[in-house]
Amino acid sequence: MNPVNVITKLASNEKPVRSRALVKLRKYISARSETAEGNTSANTCVLELTNRSISRLLHSFRTLDSQFLYLKTFLQTMKREWNGIDRLRMDKYFQLVRFVFREVFEMLKRQQWESSEFLQLFSAQLLHSSSAAPAGFLLHALDLYLTELALVGSAELTAEQNHTFIEPFFKTMAKTKDRVLLKAIGSNIFNTIVDQVPYAIEDLQRELRQSAELDSSEEPENQQDTGETKTEALSESSRKTQGTHCDEEEYLLSDGMDASDDDTCGPVLQFDYGAIADRLFEVASHSNIQSFNRAKIYKFDEVEKVSTDEDDDDDHNGRRKRKRRKQKNKEKKGEESLKKSKGLCFKSQGVS
């Protein structure tokens with residue numbers, strides 16, 4: 001539910017529109033603003049509405065240039081003011097930054113995911129050594145990056161497109177002299193990708209089951225006519241993320257949009273793990289790369305099968321543990337199929 005739209009509808013001249021909006025607003029407030037003691041926090045609700053309004057101002061600009069100027073100004077303002085924010089009010093700004101990135105990804109979605117200008121701006125304002133981004137702001141942006149991208153685009157982004165969205169992190173890992181940034185990219189970007197591998201296995205198993213069902217239900221005389229259609233359907237399915245691993249509304253209502261919580265799950269992105277491993281090897285092989293950077297990158301580039309056992313799924317420095325791990329035996333069997341169909345994956349043990 002978009003609370004800004006609901007508030008607009010509350011002012012409608014038509015009573016049915018106002019009534020429906022009021023019902024939605026009641027449900028929204030009930031679901032999102034209850035405290036542990038069962039009391040309603042009006043301030044929390046108002047602050048969230050304010051943050052949503054600010055973030056959605058992006059769409060009020062009529063040209064891409066003006067939208068990117070808004071984003072650039074927002075990032076520069078956050079960098080300038082971040083260290084002066086009262087720590088007791090920090091959660092409000094965490095949420096604001098998250099909402100702004102979500103709306104930016106919505107903007108890119110409307111532009112058929114043309115991301116080059118966004119990635120240049122993101123790199124210049126946050127990843128380059130000259131960006132002067134405060135550590136806390138930068139770490140928060142890295143933490144929410146894949147989560148918000150998946151929330152907006154997981155249903156349609158291809159593995160190749162997702163690779164484009166993480167390309168700046170390859171370059172930064174190769175060049176940066178900031179060890180904190182280097183480790184943060186490893187933890188928040190590549191560890192997240194590794195954490196999602198079991199769900200890629202689930203997606204592959206789903207595709208294989210769908211393929212088997214199509215084969216078993218198809219009449220022999222129709223196989224020749226429908227074979228091409230079936231192949232195209234499976235190809236389209238395999239190149240996109242297959243569903244979300246929990247209901248999106250449940251995810252959004254869970255805890256104020258902070259997907260780092262251990263009990264929260266959400267959409268996941270599809271990746272070509274073999275292509276990522278090749279790119280990591282490429283950047284780590286440059287002769288002028290620092291030895292510390294090379295060692296960190298090679299930890300991700302070890303080409304091994306990925307363990308899906310919960311005992312091997314380390315916390316990775318406090319990164320989220322995904323819930324609903326089901327059918328571990330089937331996942332283990334699916335690993336072999338995944339390696340044959342989509343290439344080799346990263347080694348998840350020992351990643352830091």
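**View 1. The side chain of T176 reaches the backbone nitrogen of D178 at 3.0 Å.** This is a predicted model, in which local features need pLDDT of at least 70, side-chain atom pairs count only at pLDDT 80 or more, and totals for chains, interfaces and linings use all residues. Residues are numbered from 1 along each chain as its sequence is written, and side-chain values use heavy atoms, with hydrogens and water left out. T176 sits in the loop between α8 (159-175) and α9 (179-195); helices are DSSP runs of H or I with at least four residues, numbered from the N terminus. T176 is buried, with a relative accessible area of 12%, where buried means under 20% relative accessible area (1.4 Å probe, protein chains only). Leaving aside neighbours within four places in sequence, T176 is in contact (heavy atoms within 4.5 Å) with L181, L182, Q290 and N293.

**View 2. Helix α6 (residues 116-127) packs with α8 at an angle of about 35°.** Their axes are 10 Å apart; axes are lines fitted to C-alpha atoms over the stretch in contact, and angles run from 0 to 180 degrees between N-to-C directions. From α6, the contact is made by F118, L119, F122, S123 and L127. From α8, T164, F165, P168, F169 and T172 take part.

**View 3. The largest nonpolar core has 62 residues.** Such a core is a set of buried Ala, Val, Leu, Ile, Met, Phe, Trp, Tyr and Cys residues joined through side-chain atoms within 4.5 Å. Helix α7 (residues 135-153) gives the largest share, 10 residues. Among the residues with the most contacts inside the core are F118, F165 and I166.

Methods:
Buried < 20%, exposed > 50% of the residue type's maximum accessible area, 1.4 Å probe, protein only. Helix = DSSP H or I, 4+ residues; strand = E, 2+ residues; numbered from the N terminus. Polar contact = N/O pair within 3.5 Å; in protein donor to acceptor, adjacent residues only side chain to side chain.
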